[in-house]
Amino acid sequence: MSDVRPDPNDFPEAAQDAVAPAGARIPGLNGGIARAVRAGAEGEDLTAQGVFEAIGGVRGVLEAVVPSLIFVVLFVFTKDARLSALVPGVLALALVLVRLVRRETIVSALSGMLGVGVAVIITLITGRGVDYFLSGFVVNIAWGLGLLISILVGWPAIGLLIGMLDGDMRSWRGNVRVRRTALWLTVMWLGLFVARLAVQLPMYMSERVEALGVARIVMGVPMFAAIIVVTWFVVQRLRSSSDDSGGEKGVISGENTPS
């Protein structure tokens with residue numbers, strides 16, 4: 001996501017993923033938060049490579065960091081918001097063309113350009129450097145509200161992911177430890193989006209473009225990766241404790257899988 005890059009793909013893409021057998025590899029659960037939950041639930045070792053894949057791999061990191069970095073560097077030297085926005089926009093378009101030449105899917109080709117494209121269009125319209133980062137605020141607010149609502153209604157997002165992995169969307173709520181862990185992990189993720197807004201919105205309001213760009217980069221991939229690690233480790237411990245109490249491998253609801 002510029003700073004927002006990892007967020008849109010964190011939840012399953014296909015409804016059938018929700019009923020996959022416990023412990024199965026679920027393709028739709030491979031982004032960000034979901035990747036960490038799945039890996040921890042399946043007992044996958046916490047490795048640097050695994051975390052790197054969870055934040056999008058080389059392509060994900062480049063798409064999250066490079067456009068904002070280019071924009072900030074150019075703006076420092078030129079003070080021209082439109083020119084500074086056009087360059088990462090052209091780069092994003094070039095990457096789309098490369099993917100199309102390599103016969104990647106249209107969705108894959110366009111996904112990397114979407115965030116940059118919106119940022120470039122807004123900046124070209126307003127001519128204000130800070131507006132390059134405006135779309136990121138919208139995405140952070142949307143994810144923050146989604147996580148907050150899931151907490152308020154008693155179905156924290158991490159618990160829903162655990163339920164999808166177990167193939168049972170309800171049983172995890174009957175286990176006090178799993179429900180409490182899911183709640184606090186969801187609160188932690190909510191805290192990431194709230195922290196971004198709390199730090200960056202004042203910079204936006206005061207039009208501190210360079211500071212906002214640096215904050216967007218620092219609070220993007222690095223913070224995202226750190227919380228991925230915590231989520232992975234906590235879910236893995238939760239799964240291990242469930243195994244010790246009679247649960248089967250890959251199931252962290254605390255209940256045995258029916259035969």
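Which glycine just after H1 takes a positive phi? Glycine 43 does, with a phi of about 75°. This is a predicted model.

## Helix H1

Helix H1 covers residues 32–41. Of its 10 residues, 10 are buried, so the rest of the structure largely encloses this helix. The buried set includes two arginines, Arg35 and Arg38. Gly32 and Gly40 are buried too.

## H1 against H7

Two packed helices are described by the angle between their axes and the distance between the axes. For H1 and H7, the angle is about 50° and the axes lie 10 Å apart. H1 is therefore oblique to H7. The crossing of H1 past H7 is right-handed.

On the H1 side, the contact uses Ile33, Ala34, Val37, Arg38 and Ala41. On the H7 side, it uses Ile158, Leu161, Ile162 and Leu165. By class, this contact has eight nonpolar residues, no polar ones and one charged.

## H7 against H8

H7 spans residues 157–166, and H8 spans residues 176–205. Their axes come within 6 Å and cross at roughly 125°. That angle makes H7 oblique to H8.

H7 brings Ala157, Ile158, Gly159 and Ile162 to the contact. H8 answers with Val178, Ala182, Leu185, Thr186 and Trp189. Seven of the contact residues are nonpolar, two are polar and none is charged.

## The nonpolar cores

In soluble globular proteins, nonpolar side chains tend to be buried together. Here, the largest nonpolar core has 35 residues. Val37, Ile158, Leu161, Ile162, Trp189 and Ile228 have the most contacts inside it.

H10 gives the most, with eight residues. A second, separate core has 19 residues, including Phe137, Met203, Tyr204 and Leu212.

Methods
Residues are numbered from 1 along each chain as its sequence is written. This is a predicted model: local features need pLDDT of at least 70, side-chain atom pairs count only at pLDDT 80 or more; totals for chains, interfaces and linings use all residues. Side-chain values use heavy atoms; hydrogens and water are left out. Axes are lines fitted to C-alpha atoms, for helices over the stretch in contact, and angles run from 0 to 180 degrees between N-to-C directions. Helices (H or I, at least four residues) and strands (E, at least two) are DSSP runs, numbered from the N terminus. Angles under 35 degrees count as roughly parallel, over 145 as roughly antiparallel, 65 to 115 as roughly perpendicular and the rest as oblique. Contact means heavy atoms within 4.5 Å. Ala, Val, Leu, Ile, Met, Phe, Trp, Tyr, Cys and Pro count as nonpolar, Asp, Glu, Lys and Arg as charged, and the others, Gly among them, as polar. A nonpolar core is a set of buried Ala, Val, Leu, Ile, Met, Phe, Trp, Tyr and Cys residues joined through side-chain atoms within 4.5 Å. Buried means under 20% relative accessible area, exposed over 50%, partly exposed in between (1.4 Å probe, protein chains only). A crossing is left-handed if the near helix is turned anticlockwise from the far one by less than a right angle, and right-handed if clockwise.
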